[in-house]
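Hi everyone, and thanks for coming. I'd like to walk you through a structure that may be new to you, so please take a look at it first.

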Amino acid sequence: MSPRIIVCDDEPHIVRAISLKFARAGFDVHGAADAESCWELLKKHPPALLITDYTMPGQNGAQLVRRIREDQALAELPVILLTARGFELVEQSGELDDLNLSAMVTKPFSPRELVAKVYEILGYEAEPSTATFRDSFTSV
Amino acid sequence: MATDIFDSSASGAFDRSSLPPETGALTESAIPPIPPAHSGTLLLPLCLPSIAFGMVAVVVGTWMFHAPSASLLTFAGCLTGLLTTIALFRRQEAAAIAVLNRPEMRGVNLDVTGVFRSLLGELIHKTELHEKQCHDLTEQRARLEARAHLLKNQVRRLAHTLDQVEQPVFLLDGGNTLIFRNSRANSLLNAVTGTDQMPAAAAWEQLGSVKALVDAVRNRSAAADKRTDELELKCQGELITYRAEAANLYDDEGRVAGVSVVLQDIREQVQETAKQAQFVSSVSHELKTPLSSIRAYTELLMDDDVDDPAERLELLKFIDEQVDRLTRLVNNLLNFSRVESGVIKVQREDTDVNRIARKSMEVVASAARQKNITFVDELSDLYLPAHLDLDLFGQALINLVSNAVKYTPDGGEVRIRTRMQDTEAVIEVQDNGMGIPADAMPRLFERFYRVPQNSKAAAGTGLGLALVKYIVTNIHDGSISVTSQVDRGSTFSIRIPLGHRDRGSRNPSSQKSTR
């Protein structure tokens, strides 16, 4: 069974690009357009990792992660925060301090590097190339 | 109203009591004249013992020599001599007093003063010395009084000048006592204390952060005798940011004689900086959103991650669209800065307002169709003549119509109305969209401002309405207003002067906006 990843972004093309790349890398990718639908997805199909945007209508990414950290079942979930804002977020002191983010990736980003980062976070030893990854999973 | 520089609560350099009175100059008339001679009082003590002694001598001589007539004769002779001497002395004394009292007689022959001559010489010398000293002092005093008068006038003028300064100014003396404040400072104290009844010194005590700055600068070395700080003061419930500059004031000997404090309200600067930062942030966000998709899709295509040729083409098309979107965004930014900085030359011409309105509707029509929004054309049947820059005014209308489409939910309605009213052409863009909250209304046309509640509904940089307002008011001598109700919609109304101007861009009003 492929490891599941959820991507949450209000920009559908970002969700699509990430889905394409990660599906190719052997992941089972689910997309959500806002924090609320993402939360429902998280509860229904707990993933191995979440990639979420920061700026979204309704709840923002940080609020979503806070909610995740307060949930018993999801508290330890690795999260990558994807954002078009970079240094400004750091300036908003404290907002991200206790969120225990696995990584922060600034837009525009490279899907290739994102896959490599997910590998690193999930502790996969294999080279982040599609073929190797597929093999490692078929062997499981 | 100028604050009295001679603050009743203050003491020190500007205290009225420390200045000399303006009247009461010392004059020569103040020297008391020497009283006229009273020889009776002067000579009586001399005469009486002489007469008594003479009479005793006559009685003793008569008794001893039994010659009363000779004794009486001798006594009479002596008495006559004595009286003559007395009369002489009285004359000399009167002459001496006259000489003393009348300076013009001092130069004449003093022989008439007889035995008083040497005494008088000494007295005249002393008197003249005394008179000279008096005269010098009087002159000195007059000079000081004139100088004090001059200084007081200067101080008044300075105080009046400081009252014209926009910034609150405070002066403290060496003992940290508030000795001067200009009228702005006075208003500030009233605003901080919430009353105009409190004495200035007590009100000053409430400016804790300013006082701390004064203490800090007072304890500094001469090399760093100035200190600037940003601080916040609560004025009538509102927290106002001030830049405060405190500087040591020195006396002639180089000792710290006081401290001056100048405050500057920097609310606008702070807001402007925050707005610029917000602008940079929102521009970068707007630029990064399309860039992100472009970068991600490009990489996928390069890595051959997309197998389906139709999907590949779709991604390429999307990249193309995003490049267009980025170009538009950058163009908008450039347009705004070029219009505002006057780089774009304004070329006004005679035209029909309806023509521009129609054109702008055409430009936005496809966006409206995508959202299934109906355009209702309520353009006037009349020809509405106006003198406009077609491009710029068209851009303003396009911005309004496109905003109406952007902030109206799918299936909504946008009405464009034109009409003639008095000497003006009125263009109205009305939608039944999400509307604008009342608290956002005053800032709606500010550069970079976006209605927080509506900003997520559509992309934007907060420049559109600012540009509209600039084009309408600064370039076309018109005005713009807006009415709105949340969830009901908004109506933007532009008013511009009616009429053609044949002289075209040579017209002064047209030239005015062409910088």
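Let's start with a pair of helices in chain B. Helix 8 (residues 309-341) and helix 11 (residues 464-475) of chain B pack at an angle of about 30 degrees, and their axes are 11 Å apart. Helices here are DSSP runs of H or I with at least four residues, strands are runs of E with at least two, and both are numbered from the N terminus. The axes are lines fitted to C-alpha atoms, for helices over the stretch in contact, and the angles run from 0 to 180 degrees between N-to-C directions.

Before I go on, a word on what you are looking at. This is a predicted model, in which local features need pLDDT of at least 70 and side-chain atom pairs count only at pLDDT 80 or more, while totals for chains, interfaces and linings use all residues. Residues are numbered from 1 along each chain as its sequence is written, and chains are lettered from A and ligands numbered from 1 in the order in which they are written.

Back to our pair. Helix 8 and helix 11 of chain B are therefore roughly parallel to each other; angles under 35 degrees get that label, those over 145 are roughly antiparallel, 65 to 115 roughly perpendicular, and the rest oblique. Their crossing is left-handed, a term used if the near helix is turned anticlockwise from the far one by less than a right angle, with right-handed for clockwise. Which residues of the two helices meet? F336(B), V339(B) and E340(B) of helix 8 of chain B meet L467(B), Y470(B) and I471(B) of helix 11 of chain B. Contact here is defined by C-beta atoms, placed from the backbone, that lie within 7 Å. By class, this contact has 5 nonpolar residues, no polar and 1 charged. Nonpolar covers Ala, Val, Leu, Ile, Met, Phe, Trp, Tyr, Cys and Pro; charged covers Asp, Glu, Lys and Arg; the others, Gly among them, are polar.

Chain B has another pair to show you. The axes of helix 2 (residues 68-101) and helix 3 (residues 117-164) of chain B come within 10 Å and cross at roughly 15 degrees. That makes helix 2 of chain B roughly parallel to helix 3 of chain B, and the crossing of helix 2 and helix 3 of chain B is right-handed. A96(B), V99(B) and L100(B) of helix 2 of chain B make the contact with L120(B), L123(B), I124(B) and T127(B) of helix 3 of chain B. Those residues divide into 6 nonpolar, 1 polar and no charged.

Chain B has 12 helices and 12 strands, and 24% of its 515 residues are buried. Buried means that 20 or more other C-beta atoms lie within 10 Å of the residue's own, exposed means 12 or fewer, and partly exposed is in between, with C-beta atoms placed from the backbone. Chain A has 6 helices and 5 strands, in the order β-α-β-α-β-α-β-α-β-α-α along the sequence. In chain A, buried residues make up 33% of the 140 residues.

Where do the two chains touch? The contact takes 17 residues from chain B and 17 residues from chain A. On the chain B side, helix 7 (residues 267-302) of chain B gives the largest share, 12 residues. That side has 6 nonpolar, 5 polar and 6 charged residues.

Next, the insides. The largest nonpolar core has 39 residues, and I5(A), I6(A), V7(A), I18(A) and I51(A) have the most contacts inside it. A nonpolar core is a set of buried Ala, Val, Leu, Ile, Met, Phe, Trp, Tyr and Cys residues joined through C-beta atoms within 7 Å. Helix 1 (residues 12-24) of chain A gives the most to this core, with 6 residues. Another core, of 38 residues, lies apart from it and includes I373(B), A425(B), I471(B) and I496(B).

Finally, a few backbone details. Most residues other than glycine have a negative phi, and most peptide bonds are trans. The peptide bond from K107(A) to P108(A) is cis, with omega near -5 degrees. N176(B), not a glycine, has a positive phi of about 70 degrees, and D477(B) has a positive phi near 50 degrees. D477(B) sits in the loop between helix 11 and strand 11 (479-485) of chain B, which brings us back to the helix we started with.
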